[in-house]
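The following exercises are to be worked with the sequence and the coordinates at hand. Each task is followed by a stepwise solution.

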Amino acid sequence: MDLKLPFDPVKRALEVEGVVMRGDRRLYYRFRPARYYGGIVTADAIGCSFLCAYCWNYKRNLNPERFGKFYSPRDVASKLLDIARKKGFHLYRITGCEPILGENSLKHLIGVIRIVSEEDPGAGFIVETNGLVLGYSKDMVNYLKFPNLMVRVAIKGVDEDSFELVTGAKKEFFMYPIKAVRFLQQENIRAWPAVMADLFTDSEIESLKEILEKENVKGELELEVLEKYPHVMENMKKRGVPVKRDLRGHHENV
Ligand code: SF4
């Protein structure tokens, strides 16, 4: 796909949705057990409204049309449930992508969550989102009312400039992910903000916390730790995104 930075991420979300969705089927490229969150069944999908300099799925999200296969919600749920049975896991997620690009991808996501919840009652489902579309279209939040659902919203910058630098999206969209957390919490959906802490100083993180507080976002800001894959470090360098500190330890991003 043609992409000049900075871009309009709402427009891109819809363009990408047009590529990664076919009817109710979405492009995925892998299903696996993963060690994060203490053991989680994971579906790796393709397609995002942002193009973060540190995205570990950068090449697929830059050119989604070149990768993956289309799967229906039923296909995805079956694959996930199969892995869950083998591993004894009861936690699920879709990652590598933005799961909510528009109505069609949202319906697909809900389909997966519904089938998994019916067949593995009591299991948890974590939606990892960049929050753009949920912050932009508040009504979509209402479709995410599942008792077992948790939503982690990645806040990509501490201000407009860092948001644009990290995501490649225009700076005026900075506040939408923050609004998304508030909208979710207002509907009593369990949601929290997260930020890639290696990219920011302590005082920058503090300034983000102040913004979150002003926006009435409740709960702790999760500090993610950068996974320094060679291709990630190369892209960060190319895009001029500095690593401001080295927070090694456990990682919750992929
Ligand atoms: S929001 Fe997530 S999936 Fe999308 S480009 Fe950024 S890191 Fe990758």
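**Exercise 1.** Determine how the residues of the shell around the ligand divide into nonpolar, polar and charged.

*Solution.* The shell divides into six nonpolar, three polar and one charged residue, where Ala, Val, Leu, Ile, Met, Phe, Trp, Tyr, Cys and Pro count as nonpolar, Asp, Glu, Lys and Arg as charged, and the others, Gly among them, as polar. The residues surrounding the ligand are C48, F50, L51, C52, C55, N61, G96, C97, N130 and K156, a residue being near a molecule if one of its heavy atoms lies within 4 Å of it.

The model is predicted: local features need pLDDT of at least 70 and side-chain atom pairs pLDDT 80 or more, whereas totals for chains, interfaces and linings use all residues. Residues are numbered from 1 along each chain as its sequence is written, and side-chain values use heavy atoms, with hydrogens and water left out.

**Exercise 2.** Is P99 buried or exposed, and how far is its C-alpha atom from that of T129?

*Solution.* Step 1: P99 lies in the loop between β5 (91-95) and α4 (103-119). Step 2: because its relative accessible area is 4%, P99 is buried. Step 3: the C-alpha atoms of P99 and T129 are 6.5 Å apart, although 30 residues separate them along the chain.

**Exercise 3.** Describe the burial and the pairing of β3.

*Solution.* Step 1: six of the six residues of β3 are buried. Step 2: in a regular strand, side chains alternate between the two faces of the sheet. In β3, I40, T42 and D44 cover one side and V41, A43 and A45 the other, all of them buried. Step 3: β3 pairs with β2 (residues 25-34) in the antiparallel sense over six bridges (pairing requires at least two DSSP bridges), and F31 stands opposite A43. Step 4: β3 and β5 pair in the parallel sense over four bridges, with V41 opposite Y92.

Methods:
Helices (H or I, at least four residues) and strands (E, at least two) are DSSP runs, numbered from the N terminus. Buried means under 20% relative accessible area, exposed over 50%, partly exposed in between (1.4 Å probe, protein chains only).
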